[in-house]
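Here is a short briefing on one protein chain. Look over the sequence and the model first, then read the points below.

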Amino acid sequence: MKYPTLSSFGRALGATLLAAVAGPALAQDPLTTRCESAPIAALFKVFGDTGRMPPDLGRFLQNAALQKIEPYKAFDNVYYVGICWVSAWLITSPKGHVLIDALYGPFTEPMLEHIRQLGFDPKDIRQVVMTHGHFDHAGGAVRLKAALPQARFAMTAEGWREAAESAAQSTGRPNEWAMIEKDMVLADGQVLQVGDIRLQAFETPGHTMGTASFAFDAFDGGRRHRAFTVGGLGLNAIQGPEQVEAYIASIQRIRQLTEDGRDPVTTHLTTHAFSNGLTEARELLKGRKPGDAHPLVDPKGFRDQLAALQADAERRLVAERARKPN
Ligand SMILES: [Zn+2]
C-alpha cells in the first residue's frame, strides 16, 4: 500500500514558528528548565489529537535553554545524550559505539560535545541508527556524517524514503533541513554488531510507516537487562486508518517482546523523555543508593505505557474510519 506524505509534523512546526514570529509573546511559560514530563506530554496530546501545534509547545521546542539536558550514564554501557524533548542514546563498547538518533539543527553539535564530556570519542561511533524520517530524529545526520568518518548510517527502506521526502518538503520553511544519501537499509529482525553490542532492529510502522525500533542489552553493575527503544510514539503524523492499524499491530508485537518468557524486555529507553517520565526517573537514578533497584528497569511501567498507546490508537482508529470517505 502506498502512503501519502508524512511531513505534517514538520509542516505544523514550520507554521507555528511563523506564527510565533508574527504573534505577541505569551505572558507566562508553562514549561520550565526542569523538563517535567507531564506538562510537555499534555501539550503533545493536544498536538496529536488536533494536528495543530499549541503555540506554547512550538516555542518550547525552539528554546535552547529549555532543551538543554546534561548528558548522563543510564546503564554501565548506555548514556543519554539527547535534549529535553528528543532522546539520543549512546551504547558503548571498547571496540566502538552505536548512536540511536541524530537530533537536529542546533542540537547535534552540542551532542558531540556531550559525548566527549562523557569520556568517549565520537569518532569511535561505528553505527548511527535512526528511528524514522522526521527532522527531530534524522535532521542531524548531515552534521554527523561529516563528524563521524567511521560510522554507517541505518534506517528502514521506508525510513530513508520518508526522510528524503520530509527534508525536500522543508525547503524554504523555517525548519528547513537536508538528509544524507541512503546508506545502510535495515531489514526487520536484522542484528547489527559493533564490538560486543548486538542491536536488533524491528520494523514497527505506525508513527510513520518507516519507523524502526531497537532491542539491545543494558548492563547495571554487570547485571543484564533487555532494553528497547520504541521508534515512534505519537499519533501526530497519521494519514488514515491503515496507518493506525499498522501502529496497533506494531504495539502488539512490542507487547509480546515484554512478555517473552526467556528474555523479556524490561526497560524502555524512550525516544521522547516526556512519554514515560524519563527525566523524573533520571532524578531517582542520581539519588540511587547501593542495593536500590534501577529506576529505568520498569517492566510494568513499560507494559502499562504500551497498553495506553494501544488504547489511544484504538480510539483514533474509530475516528479515522469515521472520517474516511466511502
Ligand atoms: Zn516523529
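A residue counts as buried if 20 or more other C-beta atoms lie within 10 Å of its own, and as exposed if 12 or fewer do. By that test, helix 5 (residues 108-117) has the buried residues Met 111, Leu 112, His 114 and Ile 115. Seen down the helix axis, these residues fall within an arc of 160 degrees, so they line one face of helix 5. The model is predicted.

**Overall make-up**

- The protein chain has 326 residues, and 47% of them count as buried.
- Its secondary structure comes to eleven helices and twelve strands.
- Among contacts with a separation of 6 or more, 72% join residues 24 or more positions apart.

- The face turned away from the buried side of helix 5 carries the exposed residues Glu 113, Arg 116 and Gln 117.
- An α-helix has 3.6 residues a turn, so residues three or four places apart point the same way.
- The cover over the buried residues of helix 5 includes strand 3 and helix 7 (141-147).
- Gly 119 follows helix 5 and has a positive phi, near 100 degrees.

- Seven strands form an open sheet in the order 1-2-3-4-5-6-7, with mixed pairing.
- Strand 1 (72-75) and strand 7 (184-186) are the edge strands, and each pairs on one side only.
- Neighbouring strands of this sheet are turned by 25 degrees against each other on average, direction ignored.
- Helix 8 (residues 157-169) packs on the sheet and touches strand 6 (152-156) and strand 7. The direction of helix 8 makes about 100 degrees with that of strand 6.
- Strand 2 (residues 78-80) pairs with strand 3 (residues 89-91) in the antiparallel sense, over three bridges.
- Tyr 80 has Trp 89 in strand 3 as its bridge partner.

- Strand 10 (residues 212-220) and strand 11 (residues 223-229) run antiparallel and are joined by seven bridges.
- Phe 214 stands opposite Thr 229 in strand 11.
- Strand 10 and strand 11 form a hairpin with two residues between them. In the turn, Gly 221 has a positive phi of about 60 degrees.
- Strand 11 also pairs with strand 12, here in the parallel sense and over three bridges.
- Strand 11, helix 9 (residues 241-258) and strand 12 make a right-handed β-α-β unit.

**His 268**

- His 268 is found in strand 12 (residues 265-268).
- Across the strand pairing, Phe 228 stands opposite His 268.
- Is His 268 buried or exposed? His 268 has 24 C-beta neighbours inside 10 Å, so it counts as buried.
- Which residues does His 268 touch, not counting those up to four places away in sequence? They are Phe 228, Val 230, Asn 276, Phe 302 and Gln 305.
- His 268 and Pro 299 are 31 residues apart in sequence, and their C-alpha atoms are 8.1 Å apart in space.

Conventions:
Residues numbered from 1 in each chain as written. Predicted model: local features only at pLDDT ≥ 70, side-chain atom pairs only at ≥ 80, totals over all residues. Helix = DSSP H or I, 4+ residues; strand = E, 2+ residues; numbered from the N terminus. Contact = placed C-beta atoms within 7 Å. Pairing = 2+ DSSP bridges. Axes fitted to C-alpha atoms, helices over the stretch in contact; angles between N-to-C directions. Arc of directions from axis to C-beta. Right-handed = clockwise from strand over helix to strand, strands pointing away.
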